[in-house]
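My notes follow in the order I checked them.

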Amino acid sequence: MNRPFDLGTAGGFRARRLLDVLIPTRNRPAELAVTLSGLAAQEGVPGFGVVVSDQSDGDAAYRHPAAATMVRVLRHRGHPVLLTRRLPRRGLAEHRAYLLAASAARYVLCLDDDVWLEPGALRRLVTAIDELGCGFVGNAVHGLSYADDVRTETHRHYEEWSGRPVPERIRPGTPQWERASIHSAANLLHVTRRLDLPAGAWRAYKVSWIGGCVLYDRAKLLDSGGFDFWRRVHEKHQGEDVAAQLAVLARFGGAGVLPSGAYHLESPTTVTERDVEAWEVVLAEEESTQPA
């Protein structure tokens, strides 16, 4: 069935809302439909916008009936949606820079196309960044196939902020860099269970970086350079989110938010050519420009 389908326009979408969700996607119609369904079920953050930018080899994933239905549900519930194509592909960082440029919102949520958000997750993230005043907050994604794989040795890397996050300069080889191990498998889920927080409570904890679901203060992300480093890295890269977050951490601080309402769909990656770590290139450039 080919019903009329409004893609939206960049000019009509760009407005000073509280929040826009930025989703890059490629060759994942089923996963995109699930991701959009999670957004459609969110409450407590009225009128947030959604931008989907597709780099699929064939038809855009958002034209699949399941994904298209979720787009219509989002619009029916009062959420502007912009659907775009970004071809030819120039790498992950360029794709994120393109999505970021589409928004004029106060906050932007960089959400991967294989993450389902439970109801209430978006409201918790917005509440956290409002109260903490830092550059970003995030929900590390749970891999529920690891729910019975308890790795207690990683739990020592969980450390809460006692007040507002402060800027941190984090580099590989430091104890702070090892914080990322708490985000593998279902480690954070196990930490959450151990803490046994009362209903509605949340905690901010120290991070080195977070993958999959990160809410930025857009102005602070832009002040930190955004994803403009895409021009300086080979297009076959990964780790662009790490590079951006390290820059924001150094200027404005950041935090993970527990409990996380983000769940990884555990689908095979569509990024199969990963010759370069973008964060390594960016950090090497920074080191080379430091005074001797």
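I counted a contact as heavy atoms within 4.5 Å. The model is predicted, so I kept its cut-offs in mind: local features need pLDDT of at least 70.

**Entry: Val257**

I started with Val257, which is found in strand E10. Its relative accessibility is 0%, so Val257 counts as buried. I then listed its contacts, skipping residues up to four places away in sequence. Val257 touches Arg124, Leu125, Ala128, Val137, Gly138, Asn139, Trp202, Arg203 and Tyr205. I also took one C-alpha distance, from Val257 to Val214. The two are 43 residues apart along the chain, and their C-alpha atoms are separated by 10.0 Å.

**Entry: Leu258**

Next I moved to Leu258, in strand E10, which runs over residues 254-258. Is Leu258 buried or exposed? Leu258 counts as buried, at 0% relative accessibility. Leaving aside neighbours within four places in sequence, I found Leu258 in contact with Tyr158, Leu188, Val191, Thr192, Leu195, Leu197, Trp202, Arg203 and Tyr205. Trp202, Arg203 and Tyr205 are on the list for Leu258, and they are on the list for Val257 too.

**Entry: helix H4**

I looked at helix H4, residues 92-101. Seven of its 10 residues are buried, so H4 is largely enclosed by the rest of the structure. I wrote down the buried ones: Ala93, Glu94, His95, Arg96, Ala97, Leu99 and Leu100. What do they pack against? I found strands E1 (19-25), E2 (49-54), E4 (107-111) and E9 (237-238). Helices H7 (218-223) and H8 (240-252) are also packing partners of the buried H4 residues.

**Entry: cysteines**

How many disulfides does the structure hold? I counted zero. The cut-off I used for a disulfide is a pair of cysteine sulfur atoms within 2.5 Å. Cys213 is likewise in no disulfide, and its nearest cysteine sulfur is that of Cys110. I checked burial for both. Cys110 counts as buried at 8% relative accessibility. Cys213 is buried too, with a relative accessible area of 0%.

**Entry: cavity**

I searched for cavities of 30 Å³ or more and the count came to one. The largest cavity holds about 60 Å³ of space. Which residues line it? I noted Arg96, Cys110, Asp112, Ile210, Gly211, Gly212, Cys213, Val214, Tyr216, Phe227, Asp241 and Gln245. So both cysteines from the last entry are in the lining, because a lining residue has an atom within 4 Å of a cavity point. Arg96 of the lining is also one of the buried residues of H4. Strand E8 (213-217) and H8 each supply at least two lining residues. E8 gives the most, with three. By class, I logged six nonpolar, three polar and three charged residues in the lining.

**Entry: annotation**

Last, I looked up the record. The UniProt annotation, from an unreviewed entry, reads "domain: Glycosyltransferase 2-like" and covers residues 21-160. Over that stretch the chain is 33% helix and 19% strand. The end C-alpha atoms of residues 21-160 are 26 Å apart.

Technical notes: Residues numbered from 1 in each chain as written. Predicted model: local features only at pLDDT ≥ 70, side-chain atom pairs only at ≥ 80, totals over all residues. Heavy atoms only, no water. Buried < 20%, exposed > 50% of the residue type's maximum accessible area, 1.4 Å probe, protein only. Helix = DSSP H or I, 4+ residues; strand = E, 2+ residues; numbered from the N terminus. UniProt positions renumbered as here; feature names shortened; annotations may be inferred. 1 Å grid on protein atoms, 1.4 Å probe; cavity = no way out; pocket = protein on both sides within 12 Å on 5 of 7 lines; lining within 4 Å. Points joined across faces, edges and corners; volume = space filled by probe spheres on them. Nonpolar A, V, L, I, M, F, W, Y, C, P; charged D, E, K, R; others polar.
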